[in-house]
Amino acid sequence: MEKKKYYITTAIAYTSGKPHIGNTYEIVLADAIARFKRLEGYDVYFQTGTDEHGEKIELKAREQGKTPKEFVDEVSSEIKKIWDIMNTSYDKFVRTTDETHEKMVQKIFKKMYDNGDIYLGEYKGLYCTPCESFWTESQLVDGKCPDCGREVKEASEEAYFFKLSKYQKKLEKYIEENPNFIQPDSRRNEMLNNFIKPGLQDLCVSRTTFDWGIKVPFNDKHVVYVWLDALTNYITNIGYDVDNPSEEFKKWWPADLHLIGKDIVRFHSIYWPAFLWSLDIELPKQIFGHPWLLMNNDKIGKSRGNAIYADDLTEKYGVDAVRYYVLHEIPFANDGNLTYELLEERYNSDLANILGNLVNRTISMNKKYFNNVVVTSDLKEPVDDELIKIVTHAKEKVKTCMDELRVADAIDSVFEIFRKCNKYIDETTPWLLAKDENKDRLKTVLYNLLESIRIGAVLLSSFLPQTAEEIFRQLNTSEKTLDSIEEFGKLELGNTLNEPKPLFIRIEKDK
Ligand code: ME8
């Protein structure tokens, strides 16, 4: 049977500077979803990359005495490096300065012009340079940019416009009829009620005030608006062509999920559908606007001096600890908070204690009592059934959470296994069984623990891939698939475990 496909994208990050831990959250979240889909047997294509044009980037490059291209080359590779440090399994890292992308954006612009959706006009408005956005008077908050709170300036220019207004009714109807198109619901309602229903104005899609962008193909005084340039990355990099879309494009499009932050849902759920309709292309299946990570309950930003970077954190705590924190602490629809205290607390209590200690204790006991060999017996007790029930049900729970993109809840469901195992140790007291020379019962207990840990590791592998691999290594098992946890008991009898090795070393408070 042909595998079902799953195409997932993240936002492409601005190459204006090094991405902070908030930006990094998104790629880790997407990675967990992509890995889980692969585990489920989907043919996954996971795309990420960088958004490299625009006035802000041109200015930053100038500040540093570099050409825009030199500057974006550096920042883009820095971003890619962080995505790699975080062990993210993207299939393609795209850049909007790639020639194929640039050429296709020009063709797209021309197609929209030829079909009458783009026309030449004059733009007068209030412009926020850092956000590359024009605003109307009524959209400003205290006279400032509603997105970043900075000053806006009057600007007027000859410009091309996209007929966004033409698509308003169609968009309203589409979003109302497809409640899952924009998620979570709070974002969907915000889009409908605050932006779409009050009316959509035509969108200015070219600029003449700076150079660093893709030239409008038939009028090179103009560069293409960054959001038209950026959004189309989702199709230009999978072989879209205006006249003759490739087989690759037909295979992957429509995207199953555009994973983006809450601040850019507007661009993805209003401009993007209209652009796609103009090109006569189907809409993506879902746009998910994830919440933000805050630092000490404050917005993370370089100008605030509180930016934290993933590489600094991983150096101190390890990659999987940082992955665990961001995946676990940011709930489905509300912002999450990062503090060093909470990070260290989670590290010690969840990773070092509940998980690390469990694995270490279990493998050490098996070494001590059975010389590292995996054994079992027929001696069962009701307390085993309770454990087995929780462990075998976890898969469905995790799957349900992941289908709804409730990743933090999914991790909790995996940890329920480890919590239950710890309780099972307290209930069965293996050291007393050993003392009483109740070896057969001890065999069952240790097998149940080792097998539960294996099942937990299979489910953990999408979130903490290195940790899961290390558990498999210590268990010396090749049973790592989702199928292998359908039933309890697949851990190979007679295998010799590897030496126990702590997964996470506790952080001492005063260090
Ligand atoms: O918006 N917590 O790029 P970007 C979580 N180039 N996510 C955060 C965050 C935080 N504190 N801060 C930012 C852009 N993000 C455009 C995208 S897509 C066609 C173009 C998220 O580098 C933000 O919401 O400013 C966005 O999804 C991503 O990081 C990249 O942000």
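D384 and R441 form a salt bridge, with their closest N and O atoms 2.8 Å apart; the term takes a side-chain nitrogen of Lys or Arg within 4 Å of a carboxyl oxygen of Asp or Glu. D384 sits in helix α14 (residues 382–403) and R441 in helix α17, so this pair ties together parts that are 57 residues apart in sequence. Helices here are DSSP runs of H or I with at least four residues, strands are runs of E with at least two, and both are numbered from the N terminus. Both D384 and R441 are buried, where buried means under 20% relative accessible area, exposed over 50%, and partly exposed in between (1.4 Å probe, protein chains only).

A word on the source: this is a predicted model, in which local features need pLDDT of at least 70 and side-chain atom pairs count only at pLDDT 80 or more, while totals for chains, interfaces and linings use all residues. Residues are numbered from 1 along each chain as its sequence is written, and side-chain values use heavy atoms, with hydrogens and water left out.

The structure holds 45 salt bridges. Three of them are listed here, D384–R441 among them.

| Pair | N to O distance |
|---|---|
| D384 and R441 | 2.8 Å |
| D311 and K18 | 3.0 Å |
| D117 and K166 | 2.6 Å |

What does the bridge between D311 and K18 tie together? D311 lies in helix α11 (residues 310–317) and K18 in the loop between β2 (13–14) and α1 (21–39), so the parts it joins are 293 residues apart in sequence. D311 is buried at a relative accessible area of 15%, and K18 is partly exposed at 21%.

As for the other pair, D117 is buried at 1% relative accessibility, whereas K166 is partly exposed at 48%. There is also a network of salt bridges that links K37, E40, K399 and D403.

Now back to α17. The axes of α17 (residues 439–460) and α18 (residues 465–475) come within 8 Å and cross at roughly 150°; axes are lines fitted to C-alpha atoms over the stretch in contact, and angles run from 0 to 180 degrees between N-to-C directions. α17 and α18 are therefore roughly antiparallel, the term for angles over 145 degrees. Residues in the contact (heavy atoms within 4.5 Å) include L450 and I453 of α17 and I471 and F472 of α18.

Key. Angles under 35 degrees count as roughly parallel, over 145 as roughly antiparallel, 65 to 115 as roughly perpendicular and the rest as oblique.
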